[in-house]
Amino acid sequence: ISSSIVDSYHILNHTSKDSDSTERSKTIGRLDRIAEIRKMYKGEAQWGNIPCSSVIQFNGTFQMANGLIALPTTDDGQASEEVAVAQDFIDFNNLNEEMGLMLASEGELSGQVLLRWRWDRDIEMVKTYLVPLLETKYVVAYKEGDYTQVDHVVLYPDTELEERVPGHQVVFIKFRGIINGSYGVPTPMPCLEEMQDIDKARQDLRKVNHLFAFPTPIFTAANEQRVGKINTIINALNWKIGKALVLQESESLKYAEIMGTGSKELREEITMLIQHISSVTDVPVHFLGHPELLSNRSTSDSMFEGPVKRAMATQRAWMGGLEELLVKVFGMYNMQATKTLDPSLVAIGFPPIRTGNVKDVLGAWLPLKVSKNISQRTFLEKIGVENPEEEIQRLAQELEQEEPEGGEEDEELTQAVAVAEAAAAAEGA
């Protein structure tokens, strides 16, 4: 019986306070926090694994799920070879497949990406690869007074493996950083403790539920003799159903119950932490495991606005870095393949992000196309066609092979409706 009292005290005492509160108040280095975030993402940390993994995968998927496309920057048809080489570079490096998604995850986890490249003699194409942050602990130095151009990068600083790489041999992309900063900010960095606290609150709630998951009788007796007698009876019964408490007090029998506010406050804490994480990362609460926090239908319908805008902003940072990478890759390709390709004739971009269903998208954009208020290319982009230029060329070729039966306006209407029907059919499949 005495051990029951001690056990109950320790459990309640543990759930009533955060044993790591003093440790979390300490200031730790940026790389240490990034290492902790990486452990959480891989499921190797003690706390915060689920929310961290959800945030990284959600934002990374929005950025790179549709892949990359090589597009001409002019409409005169003079960039066909440049576009083909750029697309070959994308395909060879699997930037439309697992490598693109892993790069997106790296950008979310580290807040930055450092790329290098080399010539692959067997494939005769440029191979790009990521320089890992935690393994090399690289430091980026910008040119004096210019935070847009990298002067050099130091790999393995202050070690025997230290290497100084000139800026023209690397491409550095930072996300969510400051304009005069030399590093980016990982998405979970501002809410690292909140992610950990969610798991701690859930663990506390689980302990409370386990503690009161079975009836715990409290026997009270008027004197020590009565207490001893009750103990003798309980021991004779070989009591195994949970725990029992015997106290010296007035004669009574009652059951220990959890205070109504304890469980409620833990749930409110979890809700508050979920909302904080959602506000920092733009991941809707629905994807953090709490769909009940969506207040109404209007909120649920518009919950993708924030993630889409955030993904588009991150994609702009990617496009700036990929533009620089393409220039340097074409320089190596021209030298190795004895070519004179112009990187300014091609750009690497992202297909449009589409979150609504095809019916809603067509309802919004098809009338504008029929009334000639938007171009064919804009219409194709809005309904989710990945490469509008190629689709327009295919349509033009098909129309040339067919005998027109109506006027120009009828042809455009038929063309727009055909594309819309094809998109709807693809969505249904």
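Q: How much space lies in the largest cavity of this model?
A: The model is predicted: local features need pLDDT of at least 70, side-chain atom pairs count only at pLDDT 80 or more, and totals for chains, interfaces and linings use all residues. Residues are numbered from 1 along each chain as its sequence is written, while side-chain values use heavy atoms, with hydrogens and water left out. A cavity is a set of points on a 1 Å grid over the protein atoms alone where a 1.4 Å probe fits but cannot get out. Filling the points with probe spheres, the largest cavity holds about 60 Å³.

Q: Which helix gives the largest share of the lining of the largest cavity?
A: Lining residues have an atom within 4 Å of a cavity point, and here they include M64, G100, L103, W318, L322 and L325. Helices are DSSP runs of H or I with at least four residues. Helix 6 (98-110) and helix 12 (305-337) each supply at least two lining residues. The largest share, three residues, comes from helix 12.

Q: How many charged residues are in that lining of the largest cavity?
A: Asp, Glu, Lys and Arg count as charged. The lining splits into eight nonpolar residues and two polar ones. That leaves its charged count at none.

Q: Which strand gives the largest share of the lining of the second largest cavity?
A: This cavity has a volume of about 40 Å³, and its lining includes N93, M99, Y129 and L130. Two elements give two or more residues: helix 6 and strand 3 (125-130), a strand being a DSSP run of E with at least two residues. The largest share, three residues, comes from strand 3.

How values were computed:
On a 1 Å grid over the protein atoms alone, a cavity is a set of points where a 1.4 Å probe fits but cannot get out, and a pocket is an open set with protein on both sides within 12 Å along at least five of seven lines; lining residues have an atom within 4 Å of a point.
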